[in-house]
There are 2 protein chains.
Amino acid sequence: MNTHAEPNPEHQHTSAHDHSTCISDALTTAEHLCAERGVQLTPIRHKVLELIWASHQAVKAYELLDRIKPLQSAAKPATVYRALDFLIEQGLIHRVESLNAFVGCRCSGHQHEQLLLICKHCHEVEERTATEVMQALSDEFKQAGFIVHSKAIEVHGICAKCAESSADNAELLA
Amino acid sequence: MNTHAEPNPEHQHTSAHDHSTCISDALTTAEHLCAERGVQLTPIRHKVLELIWASHQAVKAYELLDRIKPLQSAAKPATVYRALDFLIEQGLIHRVESLNAFVGCRCSGHQHEQLLLICKHCHEVEERTATEVMQALSDEFKQAGFIVHSKAIEVHGICAKCAESSADNAELLA
DNA sequence: AAGTGTTATGTTATACTGTAACGACAATTT
DNA sequence: AAATTGTCGTTACAGTATAACATAACACTT
């Protein structure tokens, strides 16, 4: 199958907030951050970031490729993966390991490696700082004598909104 | 490249313990568990489990395929992936999402979803129960109203043994 | 202006990871 | 016996990611 053309709107909760603000906030933050750091948020990188922020769902690399081709007809896998590498390096997006997909990072610039809550129903990814969890993890590493380079904490399940909107839909609660 | 034929011995710590006991323990536990549950640990599944337990490193699916072919010349990708699916369902192995690889699970039968500490140097994967971390996570889910189906907590870095054995090797501590 | 270094991108090819779909076959159930 | 279930063989393909090399664009120097 190769039918990924749009963010899957099936169960999205975007109506609950002004998503255009999410996008523009993320983009202007990214622009400032890159300017400060003296790195280039080139048109391709900017576009990829914008496409990722089109929803709060994690987006696959080849979906991005399909969506960027109309605008950048030379685009190839490497085009997208390079942009993704850059955005990850700069902390502007997260790679969701358990989905082979990518999602915008709200808290760019500082604080990384967060808890990602991934909803199986609406497919949106919520990012949480989870201070206590991180503290408990640090303690664990100290105990184990483990020197951390990077973490991925990914949890799959049903988000609050989906659970609520289908409180009588037993199927979800399995 | 397609040169994965053996567990990478480069930096393994297997000498520090009697690994043959690890293997046989894991296999007999698995046999008992499957018998109890009335599911079949067929020869293929048994072999895949054994191959995974050949080291404490995470093993890739196609490495397993290469290693199983001499014994099971009909083996195809599906052969391996089916066995892996079974072993995961039974809680006998973990899938390491951030590596697209698989590692034996020590604590089969009960308690799942653990903290995996993945060493970038020796590539061994240590599994920890991390009770405090799990408790903090539960609290976080409660706060977020998130209903958990599965978790993956994977941390990359340098394990205690590697850190120690190269205390003067500054390169690792980056 | 010509040369050099650096960064980003274009381009081709290929490697690696994973699944769908269908049939064969055996064991079990009805 | 027929139907069902579980496992495996087999073919084909979908999806994910990178290597390697070429080119372009720009900044800087000489």
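The buried residues of α3(B) have several covering elements, including α2 (43-52), α4 (77-89) and β2 (101-104) of chain B. This is a predicted model. Start, then, with what those elements cover. Helix α3 of chain B runs over residues 61-68. Six of its eight residues are buried, so the helix is mostly covered. The buried set is A61(B), E63(B), L64(B), L65(B), R67(B) and I68(B). Note that E63(B) and R67(B) are in that set.

Now turn to chain A. Which residues of α3(A) are buried? They are A61(A), E63(A), L64(A), L65(A), R67(A) and I68(A). Here too the helix spans residues 61-68, and six of its eight residues are buried. The cover over these residues includes α2 (43-52), α4 (77-89) and β2 of chain A.

Step back to chain A as a whole. Chain A holds six helices and five strands. Along the sequence, the order is α-α-α-α-β-β-β-β-α-β-α. The chain has 174 residues, and 46% of them count as buried. Consider the contacts in chain A with a separation of 6 or more: 56% of them join residues 24 or more positions apart.

One example comes from helix α1 of chain A, residues 19-37, where I23(A) lies. L49(A) is 26 residues away from I23(A) along the chain, yet their C-alpha atoms are separated by 9.2 Å. With neighbours within four places in sequence set aside, I23(A) is in contact with E50(A), W53(A) and A54(A). Is I23(A) buried or partly exposed? Its relative accessibility is 21%, so I23(A) counts as partly exposed. The cut-off matters here, because buried means under 20%.

The hairpin of chain A comes next. Strand β1 (residues 93-96) and strand β2 (residues 101-104) of chain A pair in the antiparallel sense, over four bridges. Within this pairing, H94(A) stands opposite V103(A) of β2(A). Four residues lie between the strands. In this hairpin N100(A) takes a positive phi near 45 degrees.

Return to chain B for a loop residue. Q90(B) sits in the loop between α4 and β1 (93-96) of chain B. Why does Q90(B) count as buried? Its relative accessibility is 11%, which is why Q90(B) falls in the buried class. The side chain of Q90(B) makes a polar contact with the side chain of R37(B), at 2.8 Å. Beyond its neighbours within four places in sequence, Q90(B) is in contact with R37(B) and V39(B).

The two chains also meet. The size of an interface is often given as the accessible area lost when the parts come together. Here chain B and chain A bury about 3100 Å² between them, with 63% of it on carbon and sulfur atoms. In chain B, E140(B), F146(B) and H149(B) lose the most area to chain A; together they make up 20% of what that side buries. The contact draws 38 residues from chain B and 38 residues from chain A.

One of the residues that form a salt bridge is R128(B), and its partner is E140(A). The closest N and O atoms of this pair are 2.6 Å apart.

Which elements of chain B supply the side that touches chain A? At least two residues each come from β3 (115-119), α5 (131-144), β5 (147-158) and α6 (160-165) of chain B. The largest share, twelve residues, comes from β5(B). By class, that side of chain B has 23 nonpolar, eight polar and seven charged residues.

Finally, look at where strands of the two chains meet. Strand β5 of chain A, residues 147-158, pairs with β5(B) in the antiparallel sense. Eleven bridges make up this pairing. For S150(A), the bridge partner in β5(B) is H156(B).

Key:
Residues are numbered from 1 along each chain as its sequence is written. Chains are lettered from A and ligands numbered from 1 in the order in which they are written. This is a predicted model: local features need pLDDT of at least 70, side-chain atom pairs count only at pLDDT 80 or more; totals for chains, interfaces and linings use all residues. Side-chain values use heavy atoms; hydrogens and water are left out. Contact means heavy atoms within 4.5 Å. Buried area is the accessible area (1.4 Å probe) that two parts lose on being put together, summed over both. A salt bridge is a side-chain nitrogen of Lys or Arg within 4 Å of a carboxyl oxygen of Asp or Glu. Ala, Val, Leu, Ile, Met, Phe, Trp, Tyr, Cys and Pro count as nonpolar, Asp, Glu, Lys and Arg as charged, and the others, Gly among them, as polar. Two strands pair if DSSP finds at least two bridges between them. Buried means under 20% relative accessible area, exposed over 50%, partly exposed in between (1.4 Å probe, protein chains only). A polar contact is a pair of N or O atoms within 3.5 Å; within protein, one must be able to donate a hydrogen and the other to accept it, and residues adjacent in sequence count only if both atoms are side-chain atoms.
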